[in-house]
Amino acid sequence: MGCFYSKKPRRKSPDKHPAVASEGSHNNSGNQEEPKQYSWDKREKVDPKDFTLSGLKDVTDGRLPEKLNGQQFVIQECENCNIYVFDHSATVTIDDCVNCRIVLGPVKGSVFFRNCRDVKCVVACQQFRTRDCKKMDVFLCCATQPIIESSTGMKFGCFQYYYPELAFHFKDAGLSIFNNNWSNIHDFTPISGENNWSLMSEDTTVLEHVPLPDPESEFKGVRVSADKNRSIVPLTKGGRRKESEESCLFIFFAGDYTTANARKLIDEATAKGFVLIQTKEVSMRPEDVNRVFQNSAEELTEWTAKGPVVALELNGDGVVEACRIIANEVFKGTKVFVSENNNSAQQDIDNFFNFADMQLGL
């Protein structure tokens, strides 16, 4: 006995007018319908030339805001050029460039320099890597650990740059201005007895290495600044030697004004002569809160559930007391965590930043 569902479906009769069907079908009223449109039919055609700079010499070139919109970008075989990319992109590769000054807007993925020399650049990205490069000065914001390979004469400084769309481009690229590992360099091919990289001196400025766009260029309408006080990324001391043995951990919990509050704290603290060592933005689970904050965990768990926290390490004699005063006077009514005293502060810093580095895969 056969099953009802085992019956073969009746075949539809073939279309008697295939030519008509190819041009469009008819509805019941006899009117011809438009052919179905698919997403790939509507997609705007991409010209590779719009996403490549190649073979340039002695010129200023690049891309204005909203020209890349998250696409990948290639720069190759350029010599003695000033290149400005004022937009966010997916990935950027720079090959065989000599004596160039390059500014790259936020890059969601990797920035890879290969076989370049005498290049000075400002870069914000998720991953940064060089291979077979010589004499590069890099002002960097990098979410992960920067890597150099078979490269020599590399110098690194903290990202210092601003243009009006930059904050939006950081967001579009999925980058946090507080996750910057610019000084935590990994040399994939170290040479015994030699150092292939170093950190720039603290008073080094971007304009000593990378000029602002020429007022006569196509970028004259972009309001650019290399002033460290206007930089979208906080200027941190990074891996340089601390001048004081006293540091303080200051944490803001997620809210509408978290970024603005963090900037306000930096302004208040640096005005008093304290130094910003490092920053991190990271999410925390309840078990993370218990491990990091220990005795204070119970009261902080609900606040960490609201979203990522922003943490700052500030350094200088008397910084803990000063930060507690700032918290009470400037951020009264805002939930924050501040190290209780000088004796517990270093443990707070170690607990939090060790956890953050593990979370971010550093």
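# Exercises on strands, rings and helices

Both phenylalanine 250 and phenylalanine 252 are buried. The model used in these exercises is predicted.

**Exercise 1.** Describe the aromatic pairs that involve phenylalanine 250.

*Solution.* 
1. A pair of aromatic rings is described by the distance of the centres and the angle of the planes.
2. For phenylalanine 250 and phenylalanine 252, the centres lie 5.0 Å apart and the planes make 35 degrees. Planes under 30 degrees apart count as stacked and those over 60 as edge-to-face, with the rest tilted, so this pair is tilted.
3. For phenylalanine 250 and phenylalanine 331, the centre distance is 6.1 Å and the planes stand at 65 degrees, so the pair is edge-to-face.
4. This second pair links distant parts of the chain, with phenylalanine 250 in strand β14 and phenylalanine 331 in the loop between α7 and β17, 81 residues apart.
5. Phenylalanine 250 has 0% relative accessibility and therefore counts as buried. Phenylalanine 331 counts as buried because its relative accessibility is 3%.

**Exercise 2.** Trace the pairing of strand β7 with β5 and β8.

*Solution.* 
1. Four bridges connect β5 (residues 92-95) with β7 (residues 107-114), and the pairing is parallel.
2. Here threonine 93 stands opposite phenylalanine 112 of β7.
3. Strand β7 is also joined to β8 (residues 117-131), by six bridges and in parallel.
4. The bridge partner of valine 111 in β8 is phenylalanine 128.

**Exercise 3.** Describe the contact of helix α5 with helix α8.

*Solution.* 
1. Two packed helices are described by the angle between their axes and the distance between the axes.
2. The axes of α5 (residues 286-293) and α8 (residues 342-359) cross at roughly 145 degrees and come within 8 Å.
3. Helix α5 contributes Asp288, Arg291 and Val292, while α8 contributes Asn351, Phe352 and Phe355.
4. Sorted by class, the contact has three nonpolar, one polar and two charged residues.

**Exercise 4.** Which residues form a cluster through ring pairs, and which charged ends sit over rings?

*Solution.* 
1. The structure holds 13 aromatic pairs. Tyr84, Phe86, Tyr163 and Phe219 are linked into a cluster by ring pairs.
2. The charged end of arginine 129 sits over the ring of phenylalanine 188, at 5.9 Å from the ring centre.
3. Lysine 306 has its charged end over the ring of tryptophan 303, 5.2 Å from the centre.

Definitions and conventions
Residues numbered from 1 in each chain as written. Predicted model: local features only at pLDDT ≥ 70, side-chain atom pairs only at ≥ 80, totals over all residues. Heavy atoms only, no water. Phe/Tyr/Trp six-rings, centres within 6.5 Å; stacked < 30°, edge-to-face > 60°. Buried < 20%, exposed > 50% of the residue type's maximum accessible area, 1.4 Å probe, protein only. Helix = DSSP H or I, 4+ residues; strand = E, 2+ residues; numbered from the N terminus. Lys NZ or Arg CZ within 6 Å of the ring centre and 35° of its normal. Axes fitted to C-alpha atoms, helices over the stretch in contact; angles between N-to-C directions. Contact = heavy atoms within 4.5 Å. Nonpolar A, V, L, I, M, F, W, Y, C, P; charged D, E, K, R; others polar. Pairing = 2+ DSSP bridges.
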